[in-house]
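Me: I'd like to learn how to read this model. Please take me through it one feature at a time.

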Amino acid sequence: MTKRKALISVSDKTGLIEFAKTLCELDIEIVSTGGTKQYLEESGIKTTAVESITGFSEMMDGRVKTLHPAIHGALLARRDKAAHLNDLQAHNIQLIDFVCVNLYPFKQTILKEGVGLEEAIENIDIGGPSMLRSAAKNYASVTVIVDPNDYPIVAKELLENQQTTLETRAKLGAKVFRHTAAYDAVIANYLTHNVAEKNPELLVLPYERKQVLRYGENSHQQATFYKNVLPDSYSIACCKQLHGKELSYNNIRDADAAIRIVREFVEPTVVALKHMNPCGIGTGATIFEAYIQAYTADPVSIFGGIVVCNRTVDLPTAKKMHALFLEIIIAPDYTAEALACLEQKKNVRILKLDFSQDKQAIETEKTGVLGGMLVQEQDSLVEEVDQWVCVTKRKPTKEEQQALVFAYKAVKYVKSNAIVVTNATQTLGIGAGQMNRVGSVKIALEQAKDNLIGAVLASDAFFPMSDSVEYAALKGIRAIIQPGGSIRDQESIEMADKYGVTMLFTNVRHFRH
Ligand SMILES: NC(=O)c1ncn([C@@H]2O[C@H](COP(=O)(O)O)[C@@H](O)[C@H]2O)c1NC=O
């Protein structure tokens with residue numbers, strides 16, 4: 001009786017020797033390609049060269065080695081169809097029952113420094129996915145392994161029963177199509193980018209599971225966190241957790257929102273955030289100062305919130321944080337004493353984020369809608385402050401100008417209709433997500449009411465009417481920044497002039513819905 005055959009052709013050799021030894025123990029003949037054969041034989045594992053089956057030697061630098069009917073016929077033949085088996089016999093092809101293939105490292109190649117198109121193209125695997133797909137299509141009879149993590153389960157079943165179960169083969173087959181689809185998606189996106197195609201007719205998104213979450217937005221919703229297979233600018237997906245409970249769905253979204261804000265600032269900055277909106281943004285000469293600014297911006301809302309710092313957390317800052325209940329702290333690093341201080345609380349999630357990564361936001365923004373997905377560029381436009389126009393008689397003082405720059409950075413990250421009241425180093429009042437703009441103005445000013453000397457106000461979009469301007473002026477605001485663009489801008493300008501308030505137009509709107 002001819003031995004059962006396993007075809008092994010792998011780039012990632014993890015766990016291979018042990019698995020191949022198990023196949024030998026079970027008297028399964030191993031057929032392999034050049035590099036894999038050499039690797040196995042160096043460990044004393046005897047294999048048959050794939051060339052002895054195809055009758056062709058590998059050619060074109062490995063572009064063609066297993067692409068042959070003797071391989072694909074052996075994998076695709078239905079074992080329950082006499083006609084298929086007759087075809088095999090007619091061509092003297094023997095069945096292959098096991099396939100163990102993983103692919104040329106395309107992703108790792110394109111991530112290397114200075115890799116050109118030619119090298120990338122040579123790392124597009126063709127023969128490997130073809131074998132995987134043939135085997136996976138025929139999972140009813142063929143066991144296919146694309147992930148070395150699956151060697152143990154297959155080995156176990158073979159050692160116990162000489163064969164794998166249909167259930168396992170079906171799972172492994174489905175996994176293959178996920179892997180080849182994701183592999184092709186990375187290639188497709190790379191080549192699409194290469195030809196600068198901005199709106200391709202098909203969107204293919206390779207994401208890998210990072211974490212199965214305990215639940216989603218609410219405890220009755222299932223949820224999973226998937227991350228882009230290609231690392232992008234610094235993000236919640238790249239954070240390393242040093243301490244505390246597992247991140248939840250809401251934690252991840254909030255942390256993401258907070259990280260986006262801190263990206264905007266170069267100087268030491270702390271962002272405190274709750275429910276996708278900042279409740280305090282503070283800057284200072286040191287991270288301690290910045291934290292105090294963010295905390296005092298709204299000492300009530302920060303409770304149970306998320307704090308992101310863009311500098312190493314030191315002991316004095318950690319002590320202040322420790323005095324509060326915070327869900328998550330994110331920073332580029334922590335001094336040993338600061339970490340020890342924060343770790344006294346069992347549950348607080350302490351995360352480290354490498355801020356040195358490229359912060360240019362190249363990843364697009366994707367929003368799910370029922371039945372589809374919207375894709376847009378991130379709102380990463382850098383404001384050109386010298387293009388802002390003062391439309392009122394009164395011009396901003398130097399201090400007001402600094403505060404207006406700070407306010408306009410902050411308002412961009414507040415849910416529309418967004419209004420922020422700030423000084424030059426901290427938010428003082430934040431009106432978020434109201435259905436009319438004057439509602440947000442009132443909320444922001446009510447919160448800032450004890451700190452309005454020298455405060456400025458920013459709006460993420462134009463004022464449709466002059467009522468907001470009047471309200472702000474009556475409360476003591478002396479300078480306002482907004483995009484402008486309403487057909488009734490003139491009314492707002494006149495209202496500002498009436499109260500001696502400065503108003504700048506930026507001509508750039510920053511809705512955040
Ligand atoms: N061209 C082919 O027919 C072909 N057949 C298998 N491969 C790949 O070659 C790699 C293994 O090659 P080797 O055993 O020679 O080191 C595997 O990642 C496998 O997916 C091929 N390479 C690329 O397409």
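Reply: Let's begin with handedness: a crossing is left-handed if the near helix is turned anticlockwise from the far one by less than a right angle, and right-handed if clockwise. Bear in mind that this is a predicted model, where local features need pLDDT of at least 70 and side-chain atom pairs count only at pLDDT 80 or more, while totals for chains, interfaces and linings use all residues. Residues are numbered from 1 along each chain as its sequence is written.

Me: Which hand does the crossing of α8 and α10 have?

Reply: Left-handed. Helices (H or I, at least four residues) and strands (E, at least two) are DSSP runs, numbered from the N terminus. The axes (lines fitted to C-alpha atoms, for helices over the stretch in contact) of α8 (residues 127-137) and α10 (residues 166-194) come within 9 Å, and they cross at roughly 150 degrees, on a scale from 0 to 180 between N-to-C directions. So α8 is roughly antiparallel to α10, the label for angles over 145 degrees.

Me: Which residues in α8 meet α10?

Reply: P129, L132, R133 and A136 do, and on the α10 side they meet G173, V176, F177, T180 and Y183.

Me: Now sheets. What is the strand order in the open sheet of 6 strands?

Reply: Strands of a sheet pair through backbone hydrogen bonds, either parallel or antiparallel. Here the order is β16-β21-β20-β19-β17-β18, with mixed pairing; two strands pair if DSSP finds at least two bridges between them. β16 (389-390) and β18 (427-431) are the edges, each with a single partner strand, so one side of each has no neighbour in the sheet. Helix α16 (residues 437-448) packs on the sheet, touching β17 (419-422), β18 and β19.

Me: How many bridges join β19 to β20?

Reply: There are 3, and β19 (residues 456-459) and β20 (residues 479-482) run parallel. A458 stands opposite I481 in β20.

Key: Angles under 35 degrees count as roughly parallel, over 145 as roughly antiparallel, 65 to 115 as roughly perpendicular and the rest as oblique. Two residues are in contact if their C-beta atoms, placed from the backbone, lie within 7 Å.
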